[in-house]
Amino acid sequence: MKIAVDFPSVAYREGPAKVLELASAIEEIGYDEIAAFDHVVMGYPSESRKTLYPAEMPVLESLILLSNIASVTNRVSLSTEVLVLPQRQPVLVAKQVSTLDTLSGGRVRLGVGVGWQDSEYDALEEDFSNRGRRMDEAIDLLRRYWEGGRINFEGVYYQSQDMGMEPISPQGPNIPIWVGGDSPAALKRTATRGNGWMASGVTDEQALGYVAEIRQLAEESGRDASEIGLQLMLQPPPRSSEDKLFYSDLNAVAERAAVVNAMGFDWTSVNATAIFQSGSRSVGAIIDRLAELSLIHISEPTRLRRISYAVFCLKK
């Protein structure tokens, strides 16, 4: 199982050099990927406005952040977890992601989702109500632009006539697109268009049920379900004081990682912002904790048997 680190925007408080130092350290420690969280703006709460995060929460723009990280790394892959694609102009996204893939030597994995924040769509002057339908079309448009050559695309929402976009990046149209979300539309999108599924905020039982649904939908559409990758966040973004202590307990993290692995997921992700919230309040402390986490493993046979039995029960 591969492990991504969800990069903490809070690192910016110590200056640009510290942001790049943290990125370099994540690669040197041995993690497989650095992932960027995506929001352009955050709305202040009101009686009519849904919010999940405080408007004052710092969020560095994901593609610019990853471009800077690419300049100081050589091995780790670079992903968005997840880019809210329908609130962005997709031809511009195609160019930005292709350029990132080119300058990183083919290390991009693009995670995409439809998002939840209607006020953010309003601020970016995009339509929140049809974001799912536009998402499907935008995925097809991205891949068409990544192929290169003379591009013609006639969709309901997006059209391109006799356009070209060079250079073709190392991965070209094979830049992997992983889909986030667990709505019926997101699961179908994964099964029919995605290279993988990025799961977050679901129970283990729900995750296994959604995986089974994705595989069934993939087979019904004529795809080989085994080619669709699977990722489950080690712990959802913390909402309570208890959740914020998760990364302070190495044994709990080790056991959780073993469970995710036993469930059959190819990827998991470690939330470095949650590490900050658990008490590692500087870039140096985050690096130290990530190094400790990279060394943990479960060697007790009884614990392994318990985990295997628990996962077996979930899959029944």
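Mentor: This is a predicted model. The lining of the largest cavity divides into 5 nonpolar, 3 polar and 1 charged residues, and the residues in that lining are Ala-199, Ser-200, Gly-201, Val-202, Leu-232, Met-233, Gln-235, Pro-236 and Arg-256.

Trainee: How is such a space found, and what volume does the largest cavity have?

Mentor: Rolling a probe the size of a water molecule over the atoms shows where empty space is left. In this model, the largest cavity has a volume of about 40 Å³, and the count of cavities of 30 Å³ or more comes to 2.

Trainee: Which residues line the second largest cavity?

Mentor: The second largest cavity, which holds about 30 Å³ of space, is lined by Lys-95, Ser-98, Thr-99, Thr-102, Glu-166 and Pro-167. By class, this lining has 1 nonpolar, 3 polar and 2 charged residues.

Trainee: Now to the helices: at what angle do H2 and H3 pack?

Mentor: Two packed helices are described by the angle between their axes and the distance between the axes. Here helix H2, residues 62–70, packs against helix H3, residues 90–103, at an angle of about 10°, and their axes are 10 Å apart. Angles under 35 degrees count as roughly parallel, and H2 and H3 are therefore roughly parallel to each other.

Trainee: Which residues make the contact?

Mentor: From H2 come Leu-63, Leu-66, Ser-67 and Ala-70, while H3 brings Gln-96, Val-97 and Leu-100. Sorted by class, this contact of H2 with H3 has 5 nonpolar residues, 2 polar ones and no charged ones.

Definitions and conventions. Residues are numbered from 1 along each chain as its sequence is written. This is a predicted model: local features need pLDDT of at least 70, side-chain atom pairs count only at pLDDT 80 or more; totals for chains, interfaces and linings use all residues. Side-chain values use heavy atoms; hydrogens and water are left out. Axes are lines fitted to C-alpha atoms, for helices over the stretch in contact, and angles run from 0 to 180 degrees between N-to-C directions. Helices (H or I, at least four residues) and strands (E, at least two) are DSSP runs, numbered from the N terminus. Angles under 35 degrees count as roughly parallel, over 145 as roughly antiparallel, 65 to 115 as roughly perpendicular and the rest as oblique. Contact means heavy atoms within 4.5 Å. Ala, Val, Leu, Ile, Met, Phe, Trp, Tyr, Cys and Pro count as nonpolar, Asp, Glu, Lys and Arg as charged, and the others, Gly among them, as polar. On a 1 Å grid over the protein atoms alone, a cavity is a set of points where a 1.4 Å probe fits but cannot get out, and a pocket is an open set with protein on both sides within 12 Å along at least five of seven lines; lining residues have an atom within 4 Å of a point. Grid points are joined across faces, edges and corners, and a volume is the space filled by probe spheres set on the points.
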